[in-house]
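Student: I would like to learn how to read a protein structure. Could we go through one together?

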Amino acid sequence: MSFNIFILFFILILLFFFTFLFVGNLVGYFLTGVPFVSFPKKFLVEILKIMAPKENETLIDLGCGDGTLLIEAERRYKVKGIGYELSPTAFFLSYFNKIFKKSKIKIFYKNFFKANLKEADLIFCYLFPEIMEKLSEKFKKELKKGTKIFSLSFPLPNWPNKEIRYLDEKNKKWKIYIYQKE
Ligand SMILES: C[S@@+](CC[C@H](N)C(=O)[O-])C[C@H]1O[C@@H](n2cnc3c(N)ncnc32)[C@H](O)[C@@H]1O
């Protein structure tokens, strides 16, 4: 009997957890208009190589998802990582990852449009075209000279791009647009 109660309790906890993840994702989508979808993890090392951050530089991930990019950038390149998230699910996962991997990155449950980005040396984002349009203005106003922007999949309107790099050379589906504040 007590074993049955234990199983029931366990199932309830799992149900609660997955409901939280599901609802958290919907809330995030409702708040931002962008779903929490990570880029394929097989591209992680390649993306970091393209970004080539230097030790102690500040890397800001706008919509940091589960925090993987920031945590790996900190581990490999010793950068200072900062992430903003508004999806409760993604925020929870990134915080869990940060603690689990003993990372020092900072993650804020905050709309990145309300954050000041002036300390960024590098910016990473994987968002949607409408958001890139709004970010274009924010970057022009706020970023310091020399800050590099790496946008996965979507270009930054009204910015001359420095370069486009392909992650999958074969079918050229995944690309990063690179910009630098002048
Ligand atoms: C496509 S996902 C990318 C996640 C992660 N950067 C990655 O590449 O794996 C975009 C994320 O940006 C977050 N996001 C979108 N707009 C945001 C905003 N204004 N403030 C904070 N987070 C935002 C969404 O919640 C979502 O998790």
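Tutor: Start with the words. Helices are DSSP runs of H or I with at least four residues, strands are runs of E with at least two, and both are numbered from the N terminus. One caution: this model is predicted.

Student: How many helices and strands does the chain have?

Tutor: Five helices and seven strands. Along the sequence they follow the pattern α-α-β-α-β-α-β-β-α-β-β-β. The C-alpha atoms fill a box of roughly 70 × 35 × 35 Å along the principal axes.

Student: Now the sheet. In what order do the strands lie?

Tutor: General idea to begin with. Strands of a sheet pair through backbone hydrogen bonds, either parallel or antiparallel. Here, seven strands form an open sheet in the order 3-2-1-4-5-7-6, and the pairing is mixed. Strand 3 (106-109) and strand 6 (163-166) are the edge strands, each pairing on one side only. From one strand to the next, the twist averages 20°.

Student: How do strand 2 and strand 3 run, parallel or antiparallel?

Tutor: Parallel, with four bridges joining them. Look for Tyr84, which stands opposite Phe108 in strand 3. Helix 4 packs on this sheet and touches strand 2 and strand 3. The direction of helix 4 makes about 160° with that of strand 3.

Student: Asn97 is in which helix?

Tutor: Helix 4, residues 88-100. Leave out residues up to four places away in sequence, and Asn97 touches Asp66, Gly67, Thr68 and Ile71. Glu46 is another matter: it is 51 residues from Asn97 along the chain, and their C-alpha atoms are separated by 21 Å.

Student: Why does Asn97 count as partly exposed?

Tutor: Count C-beta neighbours. A buried residue has 20 or more within 10 Å, and an exposed one has 12 or fewer. Asn97 has 19 inside 10 Å, so it counts as partly exposed. Over the chain, buried residues make up 32% of the 182 residues.

Student: Which residues touch the most other members of the largest nonpolar core?

Tutor: The general idea comes before the names. In soluble globular proteins, nonpolar side chains tend to be buried together. The largest nonpolar core here has 37 residues, and those touching the most other members are Leu59, Ile60, Leu70, Leu122, Ile123, Phe124 and Phe150. Take Ile60. Beyond its neighbours within four places in sequence, Ile60 contacts Ile82, Leu117, Ala120 and Ile123.

Student: How many residues surround the ligand?

Tutor: 22, and the closest are Thr32, Phe36, Ser38, Gly63 and Gly65. Helix 1 (2-32) and strand 2 (80-85) are the elements giving two or more residues to this shell. Sort the shell by class, and you find 13 nonpolar, seven polar and two charged residues.

Student: Last topic: backbone angles. Where does Ala52 lie?

Tutor: In the loop between helix 2 (44-51) and strand 1 (58-62). Ala52 is not a glycine, yet its phi is positive, about 40°. Ala52 counts as exposed because it has 10 C-beta neighbours inside 10 Å.

Student: And which loop holds Ser153?

Tutor: The one between strand 5 (148-152) and strand 6. Ser153 also has a positive phi, near 75°, and is not a glycine. With 17 other C-beta atoms within 10 Å, Ser153 is partly exposed.

How values were computed
Residues numbered from 1 in each chain as written. Predicted model: local features only at pLDDT ≥ 70, side-chain atom pairs only at ≥ 80, totals over all residues. Core = buried A, V, L, I, M, F, W, Y, C linked by C-beta atoms within 7 Å. Contact = placed C-beta atoms within 7 Å. Near = placed C-beta within 6 Å. Nonpolar A, V, L, I, M, F, W, Y, C, P; charged D, E, K, R; others polar. Pairing = 2+ DSSP bridges. Axes fitted to C-alpha atoms, helices over the stretch in contact; angles between N-to-C directions.
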